[in-house]
Amino acid sequence: MSTDTDKLIESLGQDLKPVKPMAGAGPLAAVLSVLSLAAVFGAIQLFTKGLRPDWQVILGDHAGQSFGILASGVLAGYAAFRLCVPDTRIRPPVRVALIVSSFIWVLLLAGQMSASAPDVAERNCLTDFSLLFVIPFAAAIFMATRGAPVWRGWAGYAFAMSAGSFSALGMRFLCPNEEPSHLLVWHYLPVLGFTIFGCLLGQILLQKTSTPRSKK
Amino acid sequence: MASGEIKGKSEAGAEWPALMLAAQNGDANAYRRLLREITPPLRAFLRARFFAREHIDDIVQEILLAIHAARHTYRPEQPFRNWMYGVARHKMIDYMRKHGRVNANEISDDELVTLIGDHANTPEEALLGKDVKKALAQLPDKQREVLLMTRVEGFSMAEVAKKLGMTETAVKVTAHRATKRMKEWLLEYGY
């Protein structure tokens with residue numbers, strides 16, 4: 001062992017403070033999900049025209065679809081927090097969570113594919129979607145600063161998919177347009193776009209992570 | 001856990017998880033011991049990936065600093081080696097990106113990624129990976145033995161010379177030829 005390495009070990013030992021171990025991916029994903037839902041519905045009330053008049057249909061006729069979107073958000077959050085812990089590879093539970101959450105979106109997108117061209121006048125949905133996306137994504141990245149992701153692109157992808165799913169769920173409660181073409185272009189495809197964006201952004205934003213929190 | 005509860009040299013890293021948990025609780029002695037014990041395997045991990053000796057210390061120190069910064073992310077249900085080599089591989093790639101090709105005899109970034117693509121957790125696994133194993137198989141027995149002892153097991157040239165009954169110069173020449181032949185083979189087969 002070189003003298004420099006020996007000195008470094010000595011100094012790291014001297015600087016050592018007790019740290020609070022990072023919470024598990026499950027509890028963190030649960031916290032993120034609750035925060036995201038609160039942020040999305042808070043933003044709907046504060047910054048938009050409010051819930052659609054017939055919002056109960058989302059919990060009734062469209063309950064399956066809504067549950068799928070919610071499950072995708074929670075699973076992607078779980079995968080993202082698992083990816084915040086260093087590991088030599090992406091483990092099977094994380095792969096499964098990523099595949100299932102992505103597959104839900106593939107099904108949702110495919111389900112609207114046969115539709116006719118969308119009404120271009122509904123452009124404000126993209127603005128609303130972006131508004132609903134910002135806080136959950138920022139909260140996720142903030143929570144990720146406690147971690148030390150070594151697969152940053154994948155972590156960014158998963159965080160963006162989680163935030164995108166919660167935003168898309170919020171959009172279902174906000175916008176009354178049920179046209180498949182409208183849902184495809186203005187509610188679901190943005191999730192895909194924001195996920196790619198999150199993948200790229202994750203590489204940058206998650207570089208400066210791993211901040212140990214002192215126990216005292 | 002107090003450091004006094006963890007006595008004796010750990011067998012092949014069996015005590016590393018306990019030492020890390022003690023370190024998370026602020027036990028500096030356990031932490032120093034852990035860092036000292038993981039340094040040789042980290043050096044071997046880098047040597048197995050054909051890093052030049054003069055860069056190994058730098059990268060090991062980067063890895064130790066990263067382990068220090070990320071120590072709170074270790075959880076006992078996760079194998080410590082996976083966690084440690086996850087950090088090590090990440091810092092190694094970062095170092096390569098920062099410094100580019102370190103010298104003419106080293107494997108480039110892309111070649112490195114190919115070599116580490118086997119997801120090996122230890123240097124031995126890395127060298128015994130499917131493709132590298134083929135490269136090793138084409139070496140004469142003596143060259144292979146010297147290469148493994150010097151690059152993977154971490155013996156010094158003098159120690160290898162003593163063990164194999166060779167002169168130190170002969171060991172150096174054999175190790176150099178083996179490394180050169182390995183790289184030529186890997187390049188010939190598309191690495």
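Axes here are lines fitted to C-alpha atoms, for helices over the stretch in contact, and the angles between N-to-C directions run from 0 to 180 degrees. That sets things up for a look at a predicted model, in which local features need pLDDT of at least 70, side-chain atom pairs count only at pLDDT 80 or more, and totals for chains, interfaces and linings use all residues. Residues are numbered from 1 along each chain as its sequence is written, while chains are lettered from A and ligands numbered from 1 in the order in which they are written.

Chain A comes first. Its secondary structure amounts to eight helices and zero strands, where helices (H or I, at least four residues) and strands (E, at least two) are DSSP runs numbered from the N terminus. Of its 216 residues, 44% count as buried. A residue is buried if 20 or more other C-beta atoms lie within 10 Å of its own, exposed if 12 or fewer, and partly exposed in between, with C-beta atoms placed from the backbone. Two residues are in contact if their C-beta atoms, again placed from the backbone, lie within 7 Å. Among contacts in chain A with a separation of 6 or more, 89% are between residues 24 or more positions apart.

Now for helix packing. Helix H2(A) and helix H7 (residues 152-174) of chain A pack at an angle of about 40°, with their axes 10 Å apart. Ala, Val, Leu, Ile, Met, Phe, Trp, Tyr, Cys and Pro count as nonpolar, Asp, Glu, Lys and Arg as charged, and the others, Gly among them, as polar. On the H2(A) side, the residues involved include Leu37(A), Phe41(A) and Ile44(A).

H2(A) also packs against helix H6 (residues 124-144) of chain A, at an angle of about 150° and with the axes 9 Å apart. The two are therefore roughly antiparallel, since angles over 145 degrees get that label, with under 35 roughly parallel, 65 to 115 roughly perpendicular and the rest oblique. This crossing of H2(A) with H6(A) is right-handed, and the contact has 14 nonpolar, one polar and no charged residues. Phe47(A) in H2(A) is one of the residues that take part. Phe47(A) is exposed because 11 other C-beta atoms lie within 10 Å. Its C-alpha atom is 9.4 Å from that of Leu132(A), 85 residues away along the chain.

What about the nonpolar cores? Such a core is a set of buried Ala, Val, Leu, Ile, Met, Phe, Trp, Tyr and Cys residues joined through C-beta atoms within 7 Å. The largest has 89 residues, of which Ala79(A), Ala80(A), Ala155(A), Ala158(A) and Phe159(A) touch the most other members. H7(A) gives the largest share, 13 residues.

Chain B has 10 helices and zero strands, and 37% of its 191 residues are buried. Where the chains touch, chain A contributes 29 residues and chain B 31 residues. The chain A side of this contact has 15 nonpolar, eight polar and six charged residues.

Methods: Left-handed = near helix turned anticlockwise from the far one by under 90°.
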